Amino acid sequence: MIFHPRLTSFPTIFTIFLSISLFQFKPSLNPTQTHNQTRISRNNYIVRFTLYKYADDHRSYLKSRIRSDDWEWIDRKNPAAKYPTDFGLIWIEESVKERLIEEIEKLKLIKDVNLDLSYKRELLGAFEDGKKRPGKIFTSMSFHDGEYYAATTSNSTINWGRHLLMQKSQVTSLFGADVLWGKGYTGAKVKMAIFDTGIRENHPHFRNIKERTNWTNEDTLNDNLGHGTFVAGVVAGQDAECLGFAPDTEIYAFRVFTDAQDYEKFVFSLLQVSFTSWFLDAFNYAIATNMDVLNLSIGGPDYLDLPFVEKVWEITANNIIMVSAIGNDGPLYGTLNNPADQSDVIGVGGIDYSDHIASFSSRGMSTWEIPHGYGRVKPDVVAYGREIMGSKISTGCKSLSGTSVASPVVAGVVCLLVSIIPENNRKNILNPASMKQALVEGAAKLAGPNMYEQGAGRVDLLESYEILKNYQPRASIFPIILDYTDCPYSWPFCRQPLYAGAMPVIFNVTILNGMGVIGYVESPPTWHPLDEEGNLLNIHFTYSEVIWPWTGYLALHMQIKEEGAQFSGEIEGNVTVRVYSPPSRGEKSPQRSTCVLQLKLKVVPTPPRSKRVLWDQFHSIKYPPGYIPRDSLDVRNDILDWHGDHLHTNYHIMFNMLRDTGYYVETLGSPLTCFDARQYGTLLLVDLEDEYFPEEIEKLREDVLNTGLGLAVFAEWYNVETMVKMRFFDDNTRSWWTPITGGANIPALNDLLAPFGIAFGEKILNGDFSINGEQSRYASGTDIVRFPGGGYVHSFPLLDTSESGATQNVLTSGMIKADSPIIGLLEAGEGRIAVYGDSNCLDSSHMVTNCYWLLRKILDFTSSNIRDSVLFSDSSEQHTPLTEADNQLPSRRTDVNFSTYSAVLGKDLICRSDSRFEVWGTKGYNLQVRGWNRVLPGYPVMDLGSGLNSFMDTSKSRRPKYTEISKGDYLGSKYLGMFYKDELDMPVLVASHWLVPLVVAVTGLLVFLSFWRIRQRRRRRRKGSVSSRLANLL
């Protein structure tokens, strides 16, 4: 399990400019695009060194070893220039960049070379003309006071007027800041770094602006947009109308964004720009000048921006407490922004004055760990983030909303808390871990939101004050409890109890080490059950052996033992883990601390097979690292697929529906060879982008035909021409980007379904249809082009919006809707298969209408063979197979190195730590005991339901009564048709009929008689020849 993945340097998409014409994703020839094409002959690159040295020393080192005119050192004239640095900025000619970068990275003192990416931010923040920008965007205000903004996930327009604030007190009073002011704590001698748009000199709202620095290419220190001033006002403003939390805090204003104005989509906007190199210099300066707290209102879905992420680690490792907004992409799940999703950063979500999670506040879980693990709880805490008062650019106050309003609220709280510790002892007591401990342990848990919405709960300043007042360095775990009886807070765990035979349930917690920046797990974690029933729980642990900086992870992989298959009740106990840190300054012995995680789990008897559904997470790929497009091409404002595609992120509503229906849903984060098909009614494949191992294809065929596994597939669009047209120039990476696949990887999915005679096409279909009164929207789905006879297929008039379809519409001078097959249902051997060409109706990200009703009917069929009268009507029966030539099926892109993004291509087939314990580290359940390679009766084989090391006697077991039959072509076989009531045009394993053994017996008898007659003839001949030889001898 990878919980702190090895980061890989990939190009990052920050701001995407797509020109969309009348037809789907055709690029428009606008001046901006033409300009982009001509200006990429030279780009700036960040060269990271292994040591801190002065810039001149780094330059001399490169100049002496890289003798070429195709690069040049760029001097950076900013306040950090007087300090040693760990990077340099150079330009490189694009025509030789690969060769030159490879040459530079071979040097002994070079760590790596990365493009100097640009960050962009629009004045009103994450919602710019309804367009949520991917990548690192400036996470500023979601809404402006008194104005109307349309929530992109809603069909309605919402008015966030100021009337609510009129009924409330100052936000500082709501947290009890005046109580600490009365004790003399006002943030004095606390150094607060605000990375933003700067601040104007001598602003009347601030009494302690210590320093203003400019890191941009503009010659000004002033804030001409107001964002930086507002943030500073929330932290340390002294105006009576918009008081800050810590008015005596020393403000250090880092101006890291420009005031540049630009035109976007023909709409004028204040589009600000920054670069990675500006941030790295500013971060280094914050370290060199010993900042205490840093507020960062920047974030986005890209957690693989290597220089940025690693520098954030370095910031916190140098004992700077970083506070960051989690993003304004709510109410969608799996939308945490980086760096707020990092465990060493205090990630802040937003609530309103009624303690409800703000609709715009991003939700967890963190998605770094998916698909091979499980995300962490984020945000850490929530704070008021709607209609908060702050300072204007010059004078006066205004109210704004968003998570980057909530972030400075918490930053102000942190500054106030820092000031309660005497200055000469602060660095011994306070650090990113101890401050987070005080915040999460003191937070007030809200009634209603779950842990991935509120984290520990609403910040409670006074409770955190009590914790810090007597704080002694220690390690702890967050969250400190997993309680299956505490719903909805413990969602999704409280929605589905544990049971024997299930895939491991993974709970991922954060280790907070307040004892030191580096720590170690002294010995493996231990499970301590409260009573005898607790021994039914089997827990495997994966964890950070080295805890740095200040934080690590502990993942519990929980299974109920087989002897608990009929147990019903609760299991309670504690997990303990011992952490130690090297001696701190002035001490001789290491510091040690025992962390405790409380567990209260619900257990039920193992459900019947028909009620168990397995969700394939392994074959899902999301952004980053590649350009994975959204599933619905109608969604033009959020084109990246970055929400995790997990049951507990953007499919969480579907998960709740399945639980309400009585299904138990488990997650498979390993290849399809790593589960026992006999335990599940249906394997659910939804919106998958990866390839498949040959062993997976073989095993799934056997699982369906021979073991009776149900298969439900929800596909997505795939059209190479459309993908090529979606190519765009990214201003931030100064390079062209193109999707690496479609909404789903249809060529790979077709390979998986080929043994069943099923294939999807390359149309991109849109439109509305109705089945038995259920209205549904088909949003950029695909069509079914191959399907065996004897199944059931439903076709509807839909519009093909693919490139070829759009061209056809132009030629016919209209928008023609043709009947297209989109639903297929089939009985195959002992299993059942259902396919549908669209997954958008299950994905809560940009759903128009849901198709949960269809999913329920499909699962009834695939798991229990319950046939809906409408889906299985006589009119939908497919008497002749749907056929399509191989060369007409969707093909893979040849211009994309897909192995870079795949968990399959070029990788080893292995069952990971999210599969059953007995197959960890193996290739999965033994294929040789299945299907074709059978053993003789009476010989032992592995019992796949009991583990790899147990055996069962096949002489006492029921042997499958199947005969393997291959028909050889998609048109069917007249000779094999006699064996079927309804012919299936596919290779198939069918139950043996009375005719089959009869034919086999007769054939065997005839063969035997033939051999017997031949043998008799040979004997007669031998007798004759012997008689002749004897006669000659006589």
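C397 forms a disulfide with C242, and the two sulfur atoms lie 2.0 Å apart; a disulfide is taken here as a pair of cysteine sulfur atoms within 2.5 Å. This is a predicted model, in which local features need pLDDT of at least 70 and side-chain atom pairs count only at pLDDT 80 or more, while totals for chains, interfaces and linings use all residues. Residues are numbered from 1 along each chain as its sequence is written, and side-chain values use heavy atoms, with hydrogens and water left out.

**The disulfides as a set**

- A disulfide is a covalent bond between the sulfur atoms of two cysteines.
- The structure holds four disulfides, and when the bonded cysteines are counted along the chain, their pattern is 1-2, 3-4, 5-8, 6-7.

**The link of C242 and C397**

- The angle about the S-S bond of C242 and C397 is -60 degrees, and the link is left-handed.
- C242 lies in the loop between helix 7 (227-236) and strand 11 (250-255), and C397 lies in strand 20 (residues 397-401), so the pair ties together parts that are 155 residues apart in sequence; helices (H or I, at least four residues) and strands (E, at least two) are DSSP runs, numbered from the N terminus.

**The link of C674 and C911**

- C674 is joined to C911 by a disulfide with an S to S distance of 2.0 Å, and with -95 degrees about the S-S bond this link is left-handed.
- The pair links distant parts of the chain, 237 residues apart, with C674 in the loop between strand 32 (664-668) and strand 33 (682-686), and C911 in the loop between helix 20 (852-864) and strand 44 (940-942).
- C674 counts as buried at 0% relative accessibility, and C911 is buried with a relative accessible area of 2%.

**The link of C841 and C851**

- The sulfur atoms of C841 and C851 are 2.0 Å apart and form a disulfide, and this disulfide is right-handed because the torsion about its S-S bond is about 55 degrees.
- C841 and C851 are 10 residues apart, and each is placed in the loop between strand 43 (831-836) and helix 20.
- C841 is buried at 2% relative accessibility, and C851 is buried with a relative accessible area of 1%.

**Two further buried cysteines**

- C415 is buried, with a relative accessible area of 0%, and C595 counts as buried at 1% relative accessibility.

Notes
Buried means under 20% relative accessible area, exposed over 50%, partly exposed in between (1.4 Å probe, protein chains only).
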